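Please have the sequence and the 3D view at hand while reading.

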Amino acid sequence: MTRTDLHRAREALNSFVVETPSWGFADTGTRFGKFFQDAAAIDFGDKVADAGHVHALTGCCPTVAVHVLWDFKAGEDPKAAARLARRHGVKIGAINPNLFQDQGYKWGSFGNNDPKVRAAALQHCVDSVALGQAVGSEYLSLWFADGTNYPGQGSIRGRKHAFEESLRALHAALGPKQTMLVEYKPFEPAFYATDIADWGMALLLAKKAGPRAKVLVDTGHHYSGQNIEQIVAWLLDEDMLGGFHFNDRRYADDDLTLGSIDPYQIFRVFHEIHAFAADRRRWPKIAYMIDQCHNEKGKIEATIQTVVMAQELYAKAALVDQQALRRAQAKNQVVDAELLLKKAFFTDVAPALADWRRANSLPADPLVAHRRSGYERVAAADRRRRRQERGLTRGGSFA
Ligand SMILES: [Mn+2]
């Protein structure tokens, strides 16, 4: 790496934080079954302990996303959860309402035919806004499983109107420091018409909801071959990119670890962000979050692997010579332009990461440090014992 490269990578790393998901530390599975790990988090305390451990090793995961239904119990003071998180060195990040698990949501939440169900879904979101305010969270992150499975089953426009109405009402409930993120997904669980199926629909709904509604891009929520970085560039240009859910996939919403299948794809997404920042001379405000299911890998190892991969790709994308790229683009020098991206992608950023970690008193290799720490062994023994003591049977939801 040149000195300029080192400087660019360091600056980029200083500006980059990633939020870990509380559900990424708990037992998960496929839609066919759940696979258990002794070290998987049992409760919220375990989840924030694990998130705190990841932050202590990586130095760039200061917040943890929470899932209202899975992480909070009715009647409990949410401030106690925030204190617990702080004790483990992390803060509560995005609040994720649950609009898909309750039996009432069989026919949808915001898109349900029944006004009573729609009202209940809205109330749950408004409660989630209040919960976010109580814990000092900036983001309400919305994903809807709503949609229909068969042609003719529902009024596509009718459902769109229902979404517009509820999202507007929800926006009105936001506090001054809160942003709501609208996520999209082409299919699953709805296999005919998902109500918010793509970024255009999410963008339109967010714009209609109000100025503090933005679009959330889950990297797994696209059709194969779709150009995600182009979507990102457009959303940035419209000041409508609110955040990401990071994961990778080979086929659909596979929730594999980031960069495990196609690291160049994520690099290209980061490149668009760096190009935007270079043009506008400011970093866009983006909530970078992880949304993955670690079914086979150890939860903490998979999380660390993801965070480190995100840092590496973000630092690599920072090395693209933006001025040279603009010159090459202006002259239609296709090969030169492409090679500027390739050169950055293939640059070994390990020295920059080592440098940044040293400067921040972090372990040189977070994964090695985790393995040496014995954290997982201790957690597994402790959680195995607590499961036995409490007579916990495992199964059911992802919580
Ligand atoms: Mn997601």
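In this predicted model, helix H4 passes helix H5 in a right-handed crossing. H4 covers residues 78–87 and H5 covers residues 115–135. Two packed helices are described by the angle between their axes and the distance between the axes. Those values are set out below for two helix pairs.

| Helix pair | Axes come within | Crossing angle |
|---|---|---|
| H4 and H5 | 8 Å | roughly 45° |
| H2 and H10 | 10 Å | roughly 40° |

H2 passes H10 in a right-handed crossing. H2 contributes Asp50, His53, Val54, Leu57 and Thr58 to the contact, while H10 contributes Lys299, Ile300, Thr303, Ile304, Val307 and Val308. By class, the contact of H2 with H10 has 6 nonpolar, 3 polar and 2 charged residues.

One residue of this contact can be followed further. Ile304 lies in H10, which spans residues 299–317. Is Ile304 buried or exposed? Ile304 counts as buried because 25 C-beta neighbours lie inside 10 Å, and the cut-off for a buried residue is 20 or more. Apart from neighbours within four places in sequence, Ile304 is in contact with Val54, Leu57 and Thr58, and also with Pro366, Leu367 and His370. Ile304 and Lys285 are 19 residues apart in sequence, and their C-alpha atoms are 23 Å apart in space.

In soluble globular proteins, nonpolar side chains tend to be buried together. Here the largest nonpolar core has 98 residues, and the members that touch the most other members are Val182, Ala202, Val215, Val217 and Ala315. H10 supplies the largest share of this core, with 9 residues. What is Val182 in contact with, leaving aside its neighbours within four places in sequence? The contacts of Val182 are Leu142, Ile196, Ala202, Leu205, Ala206, Ala213, Val215 and Leu216.

Technical notes
Residues are numbered from 1 along each chain as its sequence is written. This is a predicted model: local features need pLDDT of at least 70, side-chain atom pairs count only at pLDDT 80 or more; totals for chains, interfaces and linings use all residues. Helices (H or I, at least four residues) and strands (E, at least two) are DSSP runs, numbered from the N terminus. A residue is buried if 20 or more other C-beta atoms lie within 10 Å of its own, exposed if 12 or fewer, and partly exposed in between; C-beta atoms are placed from the backbone. Two residues are in contact if their C-beta atoms, placed from the backbone, lie within 7 Å. Axes are lines fitted to C-alpha atoms, for helices over the stretch in contact, and angles run from 0 to 180 degrees between N-to-C directions. A crossing is left-handed if the near helix is turned anticlockwise from the far one by less than a right angle, and right-handed if clockwise. A nonpolar core is a set of buried Ala, Val, Leu, Ile, Met, Phe, Trp, Tyr and Cys residues joined through C-beta atoms within 7 Å. Ala, Val, Leu, Ile, Met, Phe, Trp, Tyr, Cys and Pro count as nonpolar, Asp, Glu, Lys and Arg as charged, and the others, Gly among them, as polar.
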